[in-house]
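Trainee: I have a new structure to read today. Can we go through it step by step?

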Amino acid sequence: MKQLFKFFPEFLQQQSLIWIFIFVSLGLSAQESPLSEENQNRLQKANELYDKSLFLAAETLLEKIIEEQFFLESPQNLLLTEVKFKKALCGIRLDREKAHFPLLAFVKENPVTPFTNLANIELASYYYNDQDYKRALQYFSKVDLEDLSN
């Protein structure tokens, strides 16, 4: 190790080792899951309920995850973005009045995520089914067709 740092004074060598240790430690801790174990279990259960079309129960679990994980919001937190997307979809699937508002907010807050294209399709379908063809066309035109093939 001394050969590696032979051009640095000894006090810089010691500081360099400390900084390397700090960066390695931070890198390892950054790879942990952004959700607590309890919320990971909730997410798994919510996905199962969603797949069984039990949207109200799924929505309840997704809301609990969002409430407890609010401090983890960041552009890099794709898992929490997915949770918010699925929660917004639950409202659409439950055919609630003004259920499209959370999905509109999602698209506005997340303009570039893997879920944005799907959200635009959902909004276009919502407006189409509501016979608001102008808005349906507006959201269908935002869909990235190349992204659909991936």
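Mentor: Start with a term. A residue is buried when its relative accessible area is under 20%, exposed when that area is over 50%, and partly exposed in between. Keep in mind that this is a predicted model.

Trainee: What share of the protein's residues count as buried?
Mentor: The protein has 150 residues. Apply the cut-off of under 20% relative accessible area. The share that counts as buried is 32%.

Trainee: How many helices and how many strands does the protein have?
Mentor: Read along the sequence, and the pattern is α-α-α-α-α-α-α-α. That gives eight helices and zero strands.

Trainee: Which helix has the lowest mean pLDDT?
Mentor: The mean pLDDT of the protein is 77, and 70% of its residues reach 70 or more. Over residues 11–32, pLDDT stays under 50, and the model has seven contacts there beyond four places in sequence. Among the elements, α7 has the highest mean, 94, while the lowest, 43, belongs to helix α1.

Trainee: How do the buried residues of α3 fall around its axis, and within what arc?
Mentor: Helix α3 covers residues 55–68 and reaches 20 Å from its first C-alpha to its last, close to the 20 Å expected. Its buried residues are Phe55, Ala58, Glu59, Leu61, Leu62, Ile65 and Ile66. Seen down the axis of α3, they line one face of the helix, because they fall within an arc of 165°.

Trainee: Why can residues three or four places apart in a helix point the same way?
Mentor: Count the residues in a turn. Residues three or four places apart point the same way because an α-helix has 3.6 residues a turn.

Trainee: What covers the buried residues of α3?
Mentor: Look at contacts from a neighbouring helix in the sequence. Leu49, found in helix α2, is in contact with Leu54, Ala57, Ala58 and Leu61. Arg42, also in α2, touches Leu61, Lys64, Ile65 and Glu68. The cover includes α2 and α4.

Trainee: Is Arg42 buried or exposed?
Mentor: Its relative accessibility is 14%. The cut-off for buried is under 20%. Arg42 therefore counts as buried.

Trainee: And Leu49, buried or exposed?
Mentor: The C-alpha atoms of Leu49 and Leu61 are separated by 9.5 Å, and the two are twelve residues apart along the chain. Leu49 has 11% relative accessibility, so it counts as buried.

Trainee: How does Leu104 count by relative accessibility?
Mentor: Leu104 lies in helix α5. Beyond four places in sequence, Leu104 is in contact with Leu123, Tyr127 and Tyr139. Its relative accessibility is 22%, so Leu104 counts as partly exposed.

Trainee: How far apart in space are Leu104 and Leu123?
Mentor: They are 19 residues apart in sequence. From C-alpha to C-alpha, the distance is 7.6 Å.

Terms used:
Residues numbered from 1 in each chain as written. Predicted model: local features only at pLDDT ≥ 70, side-chain atom pairs only at ≥ 80, totals over all residues. Heavy atoms only, no water. Helix = DSSP H or I, 4+ residues; strand = E, 2+ residues; numbered from the N terminus. Buried < 20%, exposed > 50% of the residue type's maximum accessible area, 1.4 Å probe, protein only. Contact = heavy atoms within 4.5 Å. Expected span 1.5 Å × (residues − 1). Arc of directions from axis to C-beta. pLDDT = per-residue confidence, 0-100.
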